[in-house]
Amino acid sequence: DLSGLTIPSLPSLPSLPSLPSLPSAPSLPSMNMPSVEMPSVSMPGLAMPSMPPISIPGMPGGVPELPALGPLASLVEDTSEALQALGVSGEIADAMKLAMVLVPYLAKVVTSFAVGTIISLAFIEARAPNDVTISAVGKYDGAAISAYYRQRPLTVLGRLTRIGVPLGLWWLTTQRDQFLEKITILNEGSATALRSARGSQLRQLLVNTGSVTFIKSGQALAIRPDIVKVPEYVKELEKLQDAVGTFEDSVAFAIIEEDLGRPIGQIYDFPYGTSPIASASIGQVYKGVVKKTGQEVAIKVQRPDALGSAALDMFVLRTAAGIFKRIKKLNSDLVSIADEFGGQLFGELDYQQEARNCIRFKELYGGGRIPGIVVPGVDLELTSN
């Protein structure tokens, strides 16, 4: 029973003093972007004029007038006016106008970089030893070839430019064709015709390289549809067996005279003409008569610098095989496969070994031993590497 207990009232809390009002934030000053002026850059041999002040499009001041750049200035002005006449907004036209001003300067920078790179590669190549021989007839050493050409990057770069660029562009066109086929822009008939055209282009590219190695590679791929996987490409590559272009007769006759050590007129007569009757990846064949004996013969002449180019191209092929294996994460030793191919190729380039093989073949199967089989002889005195 709590009757009689009185609970005293609590005293009221004192009121809190009011907080002073915060001062208003000062307004930010307007920002005017100053013109960005690029300093003059001087490169040895490539004097670059100082660039004009450039204002960001849309900012006060606009794009400044072009300096006197001769025909380029006129072209830029005409282009800007043409864009505006077509309804292109002023800012976009100004941006394109600015880009056209920068292009010549950027081109000079890229050119300077390229020149510097080439000079550096030339310096590396100049320091490479010159007493190393890697193009021995009939003897292939992949590791020695790689060691030799790693010290000659400028030579390799030149070969890659001549062979790699056309083949790379061809590959890009095939990727575009596949994309168009996937999105059904090309029907089956058009896609088949296009693949045939691409196969013909590939065959012609390999022939145009003048490379024994790459032509022989194309021949090898023609019998490996499991690798190529495009029947139209295989059909075209098969033509490399007997549809390789010839080289000049004057070059062929000069090779004969150099190897045999006397004028060709003292060695052969050509009653059937002086044009080749056949050609293949390694050489071409003439039909003639030996003056000394009156024997009708086939004269097989190897393509000029076939051996030297084969060594360089095998370096390219070995390097590409190693890169492809790493990218595709393959288990196959593609470098060893390339080396096996290189060994066979170098063996075929040895014409004296081929002559010995012909003689051995005649001993085994010629001379009437097998009815219907005729094996021609070889004139070793008129045979060289």
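User: What makes a set of residues a nonpolar core in this predicted model?

Analyst: The members must be buried nonpolar residues of the listed kinds, Ala, Val, Leu, Ile, Met, Phe, Trp, Tyr and Cys, joined through side-chain atoms within 4.5 Å. The model is predicted. Its largest nonpolar core has 19 residues. I145, Y149, V212, F346 and L349 touch the most other members.

User: Which elements give two or more residues to this core?

Analyst: They are helix 3 (142-150), helix 10 (306-328) and helix 11 (334-348). Helix 10 gives the largest share, seven residues. Another core lies apart from it, with 17 residues, among them I163, L202, L206 and V230.

User: Why is strand 5 called mostly covered?

Analyst: Buried means under 20% relative accessible area. In strand 5 (residues 283-290), six of the eight residues are buried, so the strand counts as mostly covered.

User: How do you know that strand 5 pairs with strand 3?

Analyst: Pairing needs at least two bridges. Strand 3 (residues 268-269) and strand 5 have two, so they pair. They run antiparallel. Y268 has V290 as its bridge partner in strand 5.

User: What joins strand 4 to strand 5?

Analyst: Two bridges join strand 4 (residues 278-279) to strand 5, so this pair also meets the cut-off of at least two. The strands run antiparallel. S279 stands opposite Q284. A hairpin links the strands through three residues.

User: How many bridges join strand 5 to strand 6?

Analyst: Seven, and the two strands run antiparallel. Strand 6 spans residues 296-302. K287 stands opposite A298.

Technical notes. Residues are numbered from 1 along each chain as its sequence is written. This is a predicted model: local features need pLDDT of at least 70, side-chain atom pairs count only at pLDDT 80 or more; totals for chains, interfaces and linings use all residues. Side-chain values use heavy atoms; hydrogens and water are left out. Buried means under 20% relative accessible area, exposed over 50%, partly exposed in between (1.4 Å probe, protein chains only). Helices (H or I, at least four residues) and strands (E, at least two) are DSSP runs, numbered from the N terminus.
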